[in-house]
Amino acid sequence: QESRFGPGVCPDSSLLHRCSPCYRTMVNIPKTRNTYCRKCKKHTPHKVSQYKTGKASLSAQGKRRYDKKQAGFGGQTKPVFHKKAKTTKKIVLKFECSKCKAKRMKPIKRTKHFELGTDSKKGSKNEYGGKYR
């Protein structure tokens, strides 16, 4: 459905709903971006990468508490989440300053396919969206 804002743009983008133009089909981000660095206090080239969650620590307080509660007889003690509604995750970009190596994160919109700095056109068959397809 075409809107008066143009093709692929949803007029209700502030609302949480699922019309097909809101979920962008492909997002392509360049590997370097000239943006503001808080440490250098000026615009510098930044290296862009996709944030990935690190390995969960066994010594974190919540994990120790959970393991202690689960130990012994009695089965599952905490609720297990089953009602998954989202089909995509928000992409988080990690910027690293090339001068001072300061890092910062920036979330962008939800998307099914995400690419970093590839020159893919509509005709090419390189349709791999990484972890979140």
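1. A salt bridge here means a side-chain nitrogen of Lys or Arg within 4 Å of a carboxyl oxygen of Asp or Glu. By that rule the structure has one salt bridge. Asp67 and Lys63 form it, and their closest N and O atoms are 3.2 Å apart.

2. A word on the basis of these values. This is a predicted model, in which local features need pLDDT of at least 70 and side-chain atom pairs count only at pLDDT 80 or more, while totals for chains, interfaces and linings use all residues. Residues are numbered from 1 along each chain as its sequence is written, and side-chain values use heavy atoms, with hydrogens and water left out.

3. Start with the overall layout. Helices (H or I, at least four residues) and strands (E, at least two) are DSSP runs, numbered from the N terminus. Read from the N terminus, the order is β-β-β-α-β-β-β.

4. Back to the salt bridge, now with its setting. Asp67 and Lys63 both belong to helix H1, residues 61–70. They are four residues apart there, so about one helical turn separates them. Asp67 is partly exposed at 35%. Lys63 is also partly exposed, at 32%.

5. Next, the surface of the chain. Buried residues make up 17% of the 133 residues. The chain exposes about 11200 Å², and carbon and sulfur atoms supply 55% of that area. Accessible areas come from the Shrake-Rupley method with a 1.4 Å probe; for residues, only the protein chains shown count as cover.

6. Contacts come next. A contact means heavy atoms within 4.5 Å. Take the contacts between residues at least 6 apart in sequence: 50% of them join residues at least 24 apart.

7. Now the sheet. Two strands pair if DSSP finds at least two bridges between them. Four strands form an open sheet in the order S2-S3-S4-S5, with antiparallel pairing. Its edge strands are S2 (32–37) and S5, each pairing on one side only. From one strand to the next, the twist averages 40 degrees. For such angles, axes are lines fitted to C-alpha atoms (for helices over the stretch in contact), and angles run from 0 to 180 degrees between N-to-C directions. In a regular strand the side chains alternate between the two faces of the sheet.

8. Look at the S2 and S3 pair. S2 and S3 (residues 42–50) are antiparallel and share six bridges. Cys37 has Lys42 in S3 as its bridge partner. The two strands form a hairpin with four residues between them. Within that hairpin, Lys41 takes a positive phi near 60 degrees.

9. Pro45 is worth a stop. Pro45 lies in S3 and is partly exposed, at 36% relative accessibility. Its C-alpha is 6.5 Å from that of Thr32, 13 residues away in sequence. Beyond its neighbours within four places in sequence, Pro45 contacts Arg33, Asn34, Glu96, Cys97, Ser98 and Lys99.

10. Then the S4 and S5 pair. S4 (residues 90–97) and S5 (residues 103–110) run antiparallel, joined by six bridges. Val92 stands opposite Pro107 in S5. Phe95 stands opposite Arg104 in S5. S4 and S5 form a hairpin with five residues between them, and Lys101 in the turn has a positive phi of about 65 degrees.

11. Ile91 also sits in S4. Is Ile91 buried or exposed? At 1% relative accessibility, Ile91 is buried. His113 is 22 residues from Ile91 in sequence, and their C-alpha atoms are 9.9 Å apart.

12. Last, the cysteines. A disulfide is a pair of cysteine sulfur atoms within 2.5 Å. By this rule there are zero disulfides. Cys37 is buried at 2% relative accessibility. Cys97 is buried as well, at 1%.

Notes:
Buried means under 20% relative accessible area, exposed over 50%, partly exposed in between (1.4 Å probe, protein chains only).
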